[in-house]
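Open the model in your viewer and keep the sequence panel beside it. The stops below say what to select next and what is there.

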Amino acid sequence: MKYPIGKFQQPLHIDKQQIDHWISIIEAFPKQLSEEVRNLREQDLEKQYRPGGWTIRQVLNHCADSHMNSMIRFKLALTEDTPTIKPYHEDRWAGLSDSKDIPVESALKMLEGLHERWVHLLKGLSESDLERQFIHPDNDALISLKTNIGIYAWHCEHHLAHVRNAKLR
């Protein structure tokens with residue numbers, strides 16, 4: 001229930017076809033998410049995808065927060081030499097009033113605009129851009145931008161599955 005599509009599995013080789021596929025997932029995500037919640041009532045937005053998990057409302061707001069952070073990480077990696085990114089406590093962010101209490105339309109609008117810009121940026125990356133990296137300080141991992149595209153395509157599908165599962169509960 002926590003990982004309805006499994007954890008991200010990094011391929012041994014990431015080619016242009018794989019990257020294009022991942023970008024198409026990221027591009028489609030805002031519309032898919034909007035369609036999933038279009039006819040939900042306020043009480044439906046409070047459904048959780050698993051006991052003790054986030055509500056649908058929190059998942060949508062988490063996606064806006066997470067994808068905003070990811071866009072910034074991409075820009076840092078493209079403009080600095082192997083920057084160390086700033087992690088954040090996503091569970092604490094999900095507990096703030098702008099994640100728990102606000103209508104989901106603001107998160108959907110953020111995702112729509114953010115993904116439009118993000119996809120434009122991703123589609124314009126060169127081979128050398130895709131190899132650029134950042135350091136994630138939680139585990140000192142070097143993460144390439146091409147790998148991070150895959151991580152966020154997975155992230156889109158992961159949370160889309162959470163919303164679908166919560167609707168069935």
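What does the accessible surface of the chain come to, and what share of it belongs to carbon and sulfur atoms? The surface comes to about 9,500 Å², and 49% of it belongs to carbon and sulfur atoms. Accessible areas come from the Shrake-Rupley method with a 1.4 Å probe, and for residues only the protein chains shown count as cover.

This is a predicted model, in which local features need pLDDT of at least 70 and side-chain atom pairs count only at pLDDT 80 or more, while totals for chains, interfaces and linings use all residues. Residues are numbered from 1 along each chain as its sequence is written, and side-chain values use heavy atoms, with hydrogens and water left out.

**The whole chain**

Select everything and colour by secondary structure. The chain has 7 helices and 2 strands; helices (H or I, at least four residues) and strands (E, at least two) are DSSP runs, numbered from the N terminus. Read from the N terminus on, the order of the elements is α-α-α-α-α-α-β-β-α.

Turn the model along its principal axes: the C-alpha atoms fill a box of roughly 45 × 30 × 30 Å.

Of the 169 residues, 43% count as buried. Buried means under 20% relative accessible area, exposed means over 50%, and partly exposed lies in between (1.4 Å probe, protein chains only). Among contacts with a separation of 6 or more, 78% join residues 24 or more positions apart; contact means heavy atoms within 4.5 Å.

Next, show the charged side chains. There are 22 positive and 24 negative ones, and the centres of the two sets lie 5 Å apart. Lys and Arg count as positive and Asp and Glu as negative, with His and the chain ends not counted. The place of each charge is NZ of Lys, CZ of Arg, CG of Asp or CD of Glu.

Select residues 105-123, which form helix 5. This helix has 19 residues and reaches 27 Å from its first C-alpha to its last, close to the 27 Å expected at 1.5 Å a residue. The expected span is 1.5 Å times one less than the number of residues.

Which residues of helix 5 are buried? They are Ala107, Leu108, Leu111, Leu114, His115, Trp118, Val119 and Leu122. An α-helix has 3.6 residues a turn, so residues three or four places apart point the same way. The buried residues of helix 5 pack against helix 1 (16-37), helix 2 (56-79) and helix 7 (145-168).

Helix 2 is mostly covered, with 18 of its 24 residues buried.

Helix 7 reaches 35 Å with its 24 residues, close to the expected 34 Å. Because 18 of its 24 residues are buried, helix 7 is largely enclosed by the rest of the structure.

**Loops and the chain end**

Go to the loop between helix 1 and helix 2 and select Glu46. Glu46 is partly exposed, at a relative accessible area of 36%. Leaving out residues up to four places away in sequence, Glu46 touches Thr55, Arg57 and Lys100.

Move to the loop between helix 2 and helix 3, where Asp81 lies. Asp81 is exposed, at 71% relative accessibility. In the loop between helix 2 and helix 3 (90-94) you also find Thr82, which is partly exposed at 37%. Thr82 has a positive phi of about 45° although it is not a glycine. Most residues other than glycine have a negative phi.

Asp140 also has a positive phi, of about 55°. Select Asp140 in the loop between strand 1 (133-136) and strand 2 (141-144); at 63% relative accessibility, it counts as exposed.

Finish in the segment after helix 7, with Arg169. Arg169 is partly exposed, with a relative accessible area of 46%. Not counting residues up to four places away in sequence, Arg169 touches Met1, Lys47, Gln48, Tyr49, Arg50 and Pro51.
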